[in-house]
Amino acid sequence: MAKKPGIPKGTRDFGPMEVAKRNYIFNTIKANFEAFGFQPIETPSFENSETLMGKYGDEGDRLIFKILNSGDFLGKVDDALYAEKDAQKMTSKISEKALRYDLTVPFARFVVQHQNEIEFPFKRYQIQPVWRADRPQKGRFREFYQCDADVVGSKSLWQEVEFVQLYDAVFTTLKLKGVTIKINNRKILSGIAEVIGAHDKLIDFTVALDKLDKIGEEKVKEEMLGKGIPQEGIDKLQPLFSLSGTFEEQVAALGEILNTSEDGKKGIEELQFIDNAITELGLQTAKLQLDVTLARGLNYYTGAIFEVSAPKGVAMGSIGGGGRYDDLTGIFGLKDVSGVGISFGLDRIYLVLEELDLFPPTITENIKVLFINFGEAEALGCLKAIKELRKQGVAAEMYPDAAKMKKQMNFANKREVPFVVMVGESELNSNTFTLKNMATGEQQTIFLEELVGRLK
RNA sequence: GUGGUUGUAGCUCAGUUGGUUAGAGCGCCUGAUUGUGGUUCAGGAGGUCGUCGGUUCGAGACCGAUCUUCCACCCCA
């Protein structure tokens, strides 16, 4: 007996219903991207390893799916290296390609490679799957879709403002209320690190700070001490632990801490600019919230950092993220091109909409009418009518076999086809069609012209 | 990558301290109804209990490995 088939860990099949729901989200995001002036691009599902490796930190490198070289991939490895059994050193010898890990780095590569064909500022969107060799959990898969919108070639903070509006627009269209757009700024984080004498410990400092709402103030301080951050520096942080109130009040408190840091002051200015603009413009359903503990993507973000969390009460990690990276294309040799962008996590948004029952009831693709098959002569008559209906844009289909009536009706019922047409011997002879409404059970016998009119 | 968790019929799940032939509901198939579905009634099919190995007279149950699911950490969408 054949072994039961399966799919790899962290991947999924999607049935017709799931695809319909996913398309609903895709289409919503896409429509909003286009309304904001973004243009679509696509990049290959795999890149040269050197394009991806080292761009996401050590953790990221570990999570990149590597593709084994074709042919005799071991033959070219020299014996000494082989004997060493050092997986890391070996990897670069036996694998030269890797699956896309996100859409931002491939986009940076794209910009550098096509810089002469691109009009800057360039606003692109990209909706494609990415792969991560992560251990699966709820809302965490090894293959999932990202929906990215980025702008390169403009340092203007109006872009950040527009991205906040874009988030708000998409989640409003999806009827997902109560979404929080958290914002922070890399300059503020490095400013704080500078002020407390942990200039060279930015990562340690932010990792500890990030745990504030999980492990509490005391533990965070302990961890910082443990990482070699001086006590007098931690004392300066005190106002940070009790940040509260409005965006304005929080920014004011930050200003106290950061008044000696040029970098920090710049970060505050940027935050204020964005907040002022958003306050003036207004948001439909989302909230913009300052969160100094937000420390994602520090490997390349240089200014604003965004993260979107689902409405309260839904246990789900972030459903979107993004930020400003002043020099991402620099690593590919193109200096002084600033970029800023955001991403939507399709798969997680799906889970949230499902949990809150927010999908519109009628999104499945379905035929409008099924023709019952009574036999060869009748079937041909049916197909003539079906041809006309399809020409008029009515999705119609004939049951392929002259099976028992009950079986055919049952099929129509299961498929939730709203109408059924019966053409038996008598209808065939009189050139008529018996149209049955499956919801009410009503039926009547009519001519083709009227049939088309009713179903159109 | 670390620690834990899950797996029994197509689906959701029972299955007692190890003990005959592993159950239920829903779904599926057939008939009552040979041109009328959703309701009802009667009958039926379907499982090497995730996989491999071990302990035992005997394993769905106990042990080990492995795969899978979900969860926490890490990180992230």
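Helix H18 gives the most to the surface near RNA strand B, with six residues. Near, here, means that a heavy atom of the residue lies within 4 Å of the strand, and helices (H or I, at least four residues) and strands (E, at least two) are DSSP runs numbered from the N terminus. This is a predicted model, so to speak of local features takes a pLDDT of at least 70 and side-chain atom pairs count only at pLDDT 80 or more, whereas totals for chains, interfaces and linings use all residues. Residues are numbered from 1 along each chain as its sequence is written, chains are lettered from A and ligands numbered from 1 in the order in which they are written, and side-chain values use heavy atoms, with hydrogens and water left out.

Back to the RNA. In total, 40 residues surround RNA strand B, and the closest are Lys138, Arg140, Arg296, Ser318 and Lys404. Of the RNA atoms that come within 4 Å of the protein, sugar and phosphate account for 46%. By class, the surface near RNA strand B splits into 17 charged, 13 polar and 10 nonpolar residues. For this count, Ala, Val, Leu, Ile, Met, Phe, Trp, Tyr, Cys and Pro are nonpolar, Asp, Glu, Lys and Arg are charged, and the others, Gly among them, are polar.

Some individual polar contacts can be picked out. The term covers a pair of N or O atoms within 3.5 Å; within protein, one must be able to donate a hydrogen and the other to accept it, and residues adjacent in sequence count only if both atoms are side-chain atoms. Lysine 9 puts a polar side-chain atom 3.3 Å from a phosphate oxygen of RNA strand B. The bases are contacted by backbone atoms too: a polar backbone atom of glycine 139 sits 3.3 Å from a base nitrogen, and a backbone N or O atom of glutamate 425 is 3.5 Å from a base oxygen. Elements that give two or more residues to this surface are helix H3 (57–63), strand E6 (143–152), strand E10 (318–325), helix H18 (405–414) and helix H19 (425–430).

As for the sheets, eight strands make an open one with mixed pairing, in the order E1-E5-E6-E11-E10-E9-E7-E8. Two strands pair if DSSP finds at least two bridges between them. Strand E1 (39–40) and strand E8 (287–290) stand at the edges with a single partner strand each, so one side of each has no neighbour in the sheet. Strand E7 (residues 180–185) pairs with E8 in the parallel sense over four bridges, and threonine 180 stands opposite lysine 287. Helix H16 (residues 346–355) lies across E6, E10 and strand E11 (339–345), at about 45° to E11.

An open sheet of three strands runs E2-E4-E3, with antiparallel pairing. Strand E2 (46–48) and strand E3 (66–67) are its edge strands, each pairing on one side only. E2 and strand E4 (residues 97–99) share three bridges, and phenylalanine 46 has leucine 99 as its bridge partner. Further along, strand E15 (residues 433–437) and strand E16 (residues 443–446) pair in the antiparallel sense over four bridges, with phenylalanine 433 partnered by isoleucine 446. These two strands form a hairpin with five residues between them, and glycine 441 in the turn has a positive phi of about 85°.Among the helices, the axes of H8 (residues 186–195) and H14 (residues 247–258) come within 9 Å and cross at roughly 40°. That makes H8 oblique to H14: angles under 35 degrees count as roughly parallel, over 145 as roughly antiparallel, 65 to 115 as roughly perpendicular and the rest as oblique. Axes are lines fitted to C-alpha atoms, for helices over the stretch in contact, with angles from 0 to 180 degrees between N-to-C directions. Ile188, Gly191, Ile192 and Val195 in H8 meet Leu254, Ile257 and Leu258 in H14, where contact means heavy atoms within 4.5 Å.
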